[in-house]
Amino acid sequence: MAVNTSTSAAVDIAAALDLPAVGDPSQVAPKDARAVGRVFFDRLQHLEEGTHEYQYVRNSLIEMNLSLVQFAASRYKNRGGGDMEDIIQVGTIGLIKAIDRFELSREVEFTSFAIPYIVGEIKRFFRDTSWSVHVPRRLQELRVNLAKAREHLATELGRDAGVAELAQYMEISEDDVIEGLIASNGYTAGSLDLPMDSTDEGADQSSRNYADLIGGRDPGIELFEDLNTLAPLLREQLDDRERTLLRMRFGQEMTQSAIGEELGVSQMHVSRLLNKTLAKLRTGMLID
């Protein structure tokens, strides 16, 4: 993720920017990274993106805060669907996003700001790789409990347990058992090229397969999912002023200057309020 800079070049850049000399940013202790990080963040916001100085400061921040990725990833080390190296990699992507979007004016610790981004990327990784079909978390947990119950009852009964027996053992309804069994089918997927008539030895090679019956991807589905996730955040996490601000900016398509005149504040203040509100919504969507 980060581009290494030679020690001598790093020292020269740090001196030119009047920054603390950090020989190996990855070896900075977490408690020290918090204080040093504020100095680097302050300098980063005044540098031009794409310059060597900008890259040095940004890469140093990434390496200094990799311990946050290690901490977040440790919670998922015993979870299937990917090895630790993959989890660290996607967690680092979340860290980089947090660094690129963090502002000292937020008056929050970077640790508190970054963890939701890191965890959000890790959760997205498991969502996209562990299950062939995305199902609600409740059903994912039910699948695990059903598997344990079926194994236990098979040993006890000497045969596969029925729906009623599983429901009685797990103390849930038969409808819940059926729903969990159906959801289990989403954990793995069969080939779409599998012929629909594959029982005959010499099946007709021209017979249709399952892919022939599936329509194209709806381009509006991602927008629908985003709006469905965003709606409760707008209701529950924003106050009246923030909702009014979003309605004026995106609903009525007013400029920031026009909003400032309407509310009696400066355009700069409107910009800060919008950035703060949008960041709150982005964090909420990542956590979800």
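Author: Let us begin with a contact, which means heavy atoms within 4.5 Å. Here Leu 245, Met 248 and Arg 249 in α11 meet Gln 256, Ile 259, Glu 262 and Leu 263 in α12. By class, this contact of α11 with α12 has 4 nonpolar, 1 polar and 2 charged residues. Ala, Val, Leu, Ile, Met, Phe, Trp, Tyr, Cys and Pro count as nonpolar, Asp, Glu, Lys and Arg as charged, and the others, Gly among them, as polar.

Reader: On what basis do these numbers and values rest?

Author: This is a predicted model, in which local features need pLDDT of at least 70 and side-chain atom pairs count only at pLDDT 80 or more, whereas totals for chains, interfaces and linings use all residues. Residues are numbered from 1 along each chain as its sequence is written, and side-chain values use heavy atoms, with hydrogens and water left out.

Reader: How many helices and strands does the protein have?

Author: Helices (H or I, at least four residues) and strands (E, at least two) are DSSP runs, numbered from the N terminus. The protein has 13 helices and 0 strands.

Reader: At what angle do helix α11 and helix α12 pack?

Author: Axes are lines fitted to C-alpha atoms, for helices over the stretch in contact, and angles run from 0 to 180 degrees between N-to-C directions. Helix α11 (residues 240-251) and helix α12 (residues 256-263) pack at about 140°, their axes being 10 Å apart. That makes α11 oblique to α12; angles under 35 degrees count as roughly parallel, over 145 as roughly antiparallel, 65 to 115 as roughly perpendicular and the rest as oblique.

Reader: Is Thr 277 buried or exposed?

Author: Buried means under 20% relative accessible area, exposed over 50%, and partly exposed in between (1.4 Å probe, protein chains only). Thr 277, in helix α13 (residues 267-287), counts as buried at 2% relative accessibility. Not counting residues up to four places away in sequence, Thr 277 touches Leu 238, Glu 242 and Leu 246. Of the 288 residues of the protein, 32% count as buried.
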